Amino acid sequence: MESNTELNFTPRIDLQPVHEMINNIKDAAQKVIIGQHDTIELLLTALLADGHVLIEGIPGVAKTLMAKTLARLINVAFNRIQFTPDLMPSDVTGTNIFSPQEGRFVFRQGPVFGNIILIDEVNRAPAKTQAALFEVMEERQVTVDGTTYPMQSPFIVIATQNPVEHEGTYRLPEAQLDRFLFKINIDYPNAEEESLILLQHHEQRTKSPLDNISPIVSPQQLSLCRELISGVKVDARLIDFIACISIASRQHPAIYLGASPRASIALLKAAKATAVLRNRDFVTPEDILHCVAPVLRHRIALTPDKEIEGVTPDDVIRELVSKIDIPR
């Protein structure tokens, strides 16, 4: 990957506010999360790109803790929704309740009304409850009984799911998966990181690691940093490169459901945010390649024979990207 110290250029955009914010978040997050540097960077990329995130990993690898840590560091409203098989759409979005004092129905907001929403075990709710998220994730609003209620900015959904447990779970609809900017896969920590986790737990004893951190970023700071992202330069050849990746996914013989135009837009937004994280006001091919797997892995569906063979979406993504000429 490129190093901004080697480029020796003067950015057209003042990126200092972004780097101050990102460095502060990283420093604070490391007090709670051991390792997982790539995951934290992708979460911060999604935060800057105003995108939702799906985190997948086995139980006990700090999926929920990561989401709660990010929410704790930003001075915004945080709500957690534990998805269960009996959860109804109105339990998420809210419903109209009759008020005897006022003599009329009054809308009672559901837990989705917030800024950072953690949906734990998102695949444990049935399709009708999942559908309640379609509008709010894409349009940042909820419509109940013909009345539309907009969400306050920022609004980010961070969902978690377990890939190995299938009892009492439901497959997420493709329409919902397409609304997540990233799908982040979390693996086991290495031996050194696991030892540090144990040491941290031993030294804290009964204290929660989240007690060590407090909000350090305001909504206004986040909004300012997001505005800077829109000014990042993208060469026309890189726009074509992103389009070629999505088109190739629709034509690949191992894929029966390719990436949508929303995926192309997501890859563009993620690449621009990645460029800013790397102290540049322009996108490089490496920024796109860095984001292509997290953006596409949940948006493509492999043919049944490839799934039986044990081929993963990441395998296919690497193959199709390798056959596309990278602009230089």
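Guide: On a 1 Å grid over the protein atoms alone, a cavity is a set of points where a 1.4 Å probe fits but cannot get out. By this rule the count comes to one cavity of 30 Å³ or more. The model is predicted: local features need pLDDT of at least 70, side-chain atom pairs count only at pLDDT 80 or more, and totals for chains, interfaces and linings use all residues. Residues are numbered from 1 along each chain as its sequence is written, and side-chain values use heavy atoms, without hydrogens or water.

The largest cavity has a volume of about 80 Å³ (the space filled by probe spheres set on grid points joined across faces, edges and corners). Its lining (residues with an atom within 4 Å of a point) consists of Ile25, Ala29, Ile33, Ile40, Leu43, Leu44, Met66, Thr69, Leu70 and Leu73. Helix 2 (16-29), helix 3 (37-49) and helix 4 (63-73) each give two or more residues to this lining. Helices (H or I, at least four residues) and strands (E, at least two) are DSSP runs, numbered from the N terminus. Helix 4 gives the most, with four residues. By class, the cavity lining has nine nonpolar, one polar and no charged residues (Ala, Val, Leu, Ile, Met, Phe, Trp, Tyr, Cys and Pro are nonpolar; Asp, Glu, Lys and Arg charged; the others, Gly among them, polar).

Now helix 2. Its buried residues (under 20% relative accessible area, 1.4 Å probe, protein chains only) are Val18, His19, Met21, Ile22, Ile25, Ala28 and Ala29. Their cover includes helix 3, helix 4, helix 10 (219-229) and helix 12 (261-277).

Next, the largest pocket (an open set with protein on both sides within 12 Å along at least five of seven lines). Its volume is about 930 Å³. The lining has 34 residues; Glu56, Arg171, Leu177, Lys183 and Arg297 lie nearest the centre. By class, 13 are nonpolar, eleven polar and ten charged. Strand 1 (52-56), helix 8 (174-177), strand 9 (180-185), strand 10 (255-257), strand 11 (301-302) and helix 15 (313-322) each supply at least two lining residues.

Glu56 lies in strand 1. Glu56 is buried, with a relative accessible area of 14%. Beyond its neighbours within four places in sequence, Glu56 is in contact (heavy atoms within 4.5 Å) with Lys63, Gln161, Pro163, Lys183, Ile184, Asn185 and Ile186.

Notes: Buried means under 20% relative accessible area, exposed over 50%, partly exposed in between (1.4 Å probe, protein chains only).
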